[in-house]
Amino acid sequence: MTSFSAPTPASLSRLRPTDTEGATVALACLATTASGVALSLSTHWWAWLVGQLLLGLSFTQWFAVLHECGHETLFRTKRLHAPLGQLAGFFALIPFRNWKSVHRRHHKWTGWQDIDPTTEALVPRELGRAERTIVNVCWRYWIPLFSVIYRTNNFWNWPRLKTLFPKRSERSALAANIIGLVVAYAAVVAWLGVATSVRVFGVALIITLVAQDLLLLSQHTHIPQKLSGGEDVRPFPTLEQETFTRSLAFPRWLSAILLHIDAHELHHMYPFVPGYRLGEVQYETENEIGLVAWIRGARALPGELFLFHNRLETGADI
């Protein structure tokens, strides 16, 4: 239970981004990425390993930066978000324009599992034997299937994107971002060669995808959600989205590096607050859980139960 009533959005209007803090975040990410690439090119195995760990961290940082740029909460100057967002999308394996459109709809429809485009795939249903086996095996053995599907289904799935965004102008922008990113990746591989590309980025990508499996699935999965059943429903106001959202309590240093992306309830309640200032919000959210406790509780469940059911059905208090 929460210890006191939530602050009003108006009372937090002072928590706005600054260009200085945004630039500091961007430069720190660039420095981590550059260091990781340089070490990953080393012929010494220990330097390569440190480089992969740094790159895995930096790719996760870029995902957090992508998130902030999509909300336009990293800089005070709004026009700075698009170019940095495109760079962040490159490292996060997500087209920035597509992220921004889908994520905006996610925030609008949080709580309605069958309308929110990022949760509708997890609406309870009967799974086939093969699907059930794949889900359970991947979840048990930490195979990052889910962060991959999150990307491909929500931001690269062109037929689905056309359905979600029927306006021709928006479709054109989404398609251009997909094509541009594919060309950019092809150029990098052509420049470095396949073998060097795998050596420099391969393990780091696995590290960040495994980490993001935990991050992404912690945010709304296994929490009771509403189902519209095709009826006309209203979006939940931001302060009411707390009950449909979970926060993880990261170690302070990790939370700071990742722009407090673990404070997901506060983010949904106050999406205008920069991630690097969420720690200034004085409010104890109702669904926060420690990182280790959540991992233990979630991993104790078979994947099919964790993903397609909620804690009221399983009794798992996570």
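In this predicted model, Arg 299 touches Cys 138, Trp 139, Arg 140, Trp 142 and Leu 214, neighbours within four places in sequence being left aside. Arg 299 belongs to helix H12, which covers residues 291–299. The residue is buried yet has no salt bridge. Its nearest side chain of opposite charge is that of Asp 213, 5.2 Å away, and a salt bridge requires a nitrogen and a carboxyl oxygen within 4 Å.

Side chains of opposite charge can pair when their charged atoms come close. Elsewhere in the model, six salt bridges are counted. One of them joins Arg 97 to Glu 170, with 3.9 Å between the closest N and O atoms. This pair links distant parts of the chain, since Arg 97 lies in helix H4 (residues 96–109) and Glu 170 in helix H8 (residues 168–192), 73 residues apart. Arg 97 is partly exposed at 27% relative accessibility, whereas Glu 170 is buried at 16%.

Another salt bridge connects Glu 280 with Arg 277 at 2.9 Å, N to O. Here Glu 280 is partly exposed, at 34% relative accessibility, while Arg 277 is buried, at 17%. Glu 240 also forms a salt bridge, with Arg 234, the closest N and O atoms being 3.5 Å apart; Glu 240 is partly exposed, with a relative accessible area of 37%.

Helix H2 (residues 45–71) packs against helix H3 (residues 81–92) at an angle of about 145°, the axes lying 8 Å apart. Among the residues making this contact are Phe 59, Trp 62 and Phe 63 of H2, and Leu 84, Leu 87 and Phe 91 of H3. The contact residues comprise eleven nonpolar, three polar and one charged.

Conventions: Residues are numbered from 1 along each chain as its sequence is written. This is a predicted model: local features need pLDDT of at least 70, side-chain atom pairs count only at pLDDT 80 or more; totals for chains, interfaces and linings use all residues. Side-chain values use heavy atoms; hydrogens and water are left out. Axes are lines fitted to C-alpha atoms, for helices over the stretch in contact, and angles run from 0 to 180 degrees between N-to-C directions. Helices (H or I, at least four residues) and strands (E, at least two) are DSSP runs, numbered from the N terminus. Contact means heavy atoms within 4.5 Å. Ala, Val, Leu, Ile, Met, Phe, Trp, Tyr, Cys and Pro count as nonpolar, Asp, Glu, Lys and Arg as charged, and the others, Gly among them, as polar. Buried means under 20% relative accessible area, exposed over 50%, partly exposed in between (1.4 Å probe, protein chains only). Lys and Arg count as positive and Asp and Glu as negative; His and the chain ends are not counted.
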